[in-house]
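Q: I'm new to this one and would like to go through it slowly. Could you put it up so that I can ask as we go?

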Amino acid sequence: MPHSPDNVPRRRVRLARGASPWLLPTLASAAVGVARARRTGRWPDRLAAVPPAALAAGMLWFFRDPDREIAEGRVLSPADGVVQSIMPWPDGRTRVAIFMSPLNVHVNRAPLAGTVTSVEHVPGGYVPAFNKESENNERVVWHLDTELGDVEMVQIAGAVARRIVPYVTGGTKVEQGERVGLIRFGSRVDVYLPQGVAAGVDVGQATTAGVTRLDRD
């Protein structure tokens, strides 16, 4: 049988922190349905167990949090998804917006190493994250003090995602690619590249958190 050499690290897939309020009730419902179906053996009970079991499997997939081998680069993507837009900002920065579908991993990572100077929750609406109006959605605004200066990252809730879960608070030192938060279900993450830092990705390009480089030399 094939096996992994002892000197090759095995990548683990864990469940995201902050998933419990959604995941545990779903798993409990699926467990009850499957247990009843096994106990009675009746086809109606077996059929009734299928939807909660399928939902539980979908939740486990959605809340997966795989380990990553962090790439090299000045600014790495904080999110799995697709580059939705690249927009010059009036103050000279460049905003790179990444749309995350429900199929993506929704754990976000630090785009650079540095110190988190602020984590601000801003109330707002819940229109779909791919809509321009999503700029007024509920969001969490991050500022990091990095070797490039202040870098802003914004987690934006979507139509279904009604909860953003930061993992760290202001004053915390983070490594590049470190897990910093979770957005439940479809959503968006924006990174503002500092003045003088050019975008190295294109609109429509797929990104992987902690792996895809957002800037170019």
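Q: Let me start with G92: is it buried, partly exposed or exposed?
A: This is a predicted model, and in it G92 counts as partly exposed, with a relative accessibility of 31%. As for its place in the chain, G92 belongs to the loop between β3 and β4.

Q: And how many residues along the chain separate G92 and G196?
A: They are 104 residues apart along the chain, while their C-alpha atoms are separated by 7.6 Å.

Q: What about A97, where does that one sit?
A: A97 is in strand β4, and it is buried, because its relative accessible area is 0%, which falls under the 20% limit for that label.

Q: Which residues does A97 touch, if I skip those up to four places away in sequence?
A: On that count A97 touches V82, V83, Q84 and S85, and also R188, V189 and D190.

Q: Let's move to the sheets, then. In what order do the strands of the 8-strand sheet run?
A: The order is β10-β6-β7-β8-β12-β4-β3-β14, in an open sheet with antiparallel pairing. Its edge strands are β10, at residues 173–174, and β14, at residues 206–207, and each of these pairs on one side only.

Q: How many bridges join β3 and β14?
A: Strand β3, which covers residues 81–88, pairs with β14 over 2 bridges in the antiparallel sense. Within that pairing, V82 stands opposite A206 of β14.

Q: What is the strand order in the open sheet of 3 strands?
A: There the order is β5-β11-β9, and the pairing is antiparallel. The edges are taken by β5 (107–109) and β9 (164–166), each of which has a single partner strand, so one side of each is left without a neighbour in the sheet. On average, neighbouring strands of this sheet are turned by 25° against each other, if direction is ignored.

Q: Which residue in β11 is the bridge partner of R109?
A: That is R179. Strand β11 spans residues 179–183, and its antiparallel pairing with β5 has 3 bridges.

Q: Changing topic: how many residues are in the largest nonpolar core?
A: It has 35 residues, and V96 and W142 are the ones with the most contacts inside it. The strands β4 (94–100), β7 (139–146), β8 (149–157), β9, β11 and β12 (187–193) each supply at least two residues of this core.

Q: What is W142 in contact with, leaving aside its neighbours within four places in sequence?
A: Its contacts on that basis are V116, S118, V119, V151, E152, M153, Q155, P166, V168 and V180.

Q: Then how many aromatic pairs does a search of the whole structure find?
A: The search finds 1, and it is formed by W89 and Y192 in an edge-to-face arrangement, with 5.4 Å from centre to centre and 75° between the planes.

Conventions: Residues numbered from 1 in each chain as written. Predicted model: local features only at pLDDT ≥ 70, side-chain atom pairs only at ≥ 80, totals over all residues. Heavy atoms only, no water. Pairing = 2+ DSSP bridges. Helix = DSSP H or I, 4+ residues; strand = E, 2+ residues; numbered from the N terminus. Axes fitted to C-alpha atoms, helices over the stretch in contact; angles between N-to-C directions. Core = buried A, V, L, I, M, F, W, Y, C linked by side-chain atoms within 4.5 Å. Buried < 20%, exposed > 50% of the residue type's maximum accessible area, 1.4 Å probe, protein only. Contact = heavy atoms within 4.5 Å. Phe/Tyr/Trp six-rings, centres within 6.5 Å; stacked < 30°, edge-to-face > 60°.
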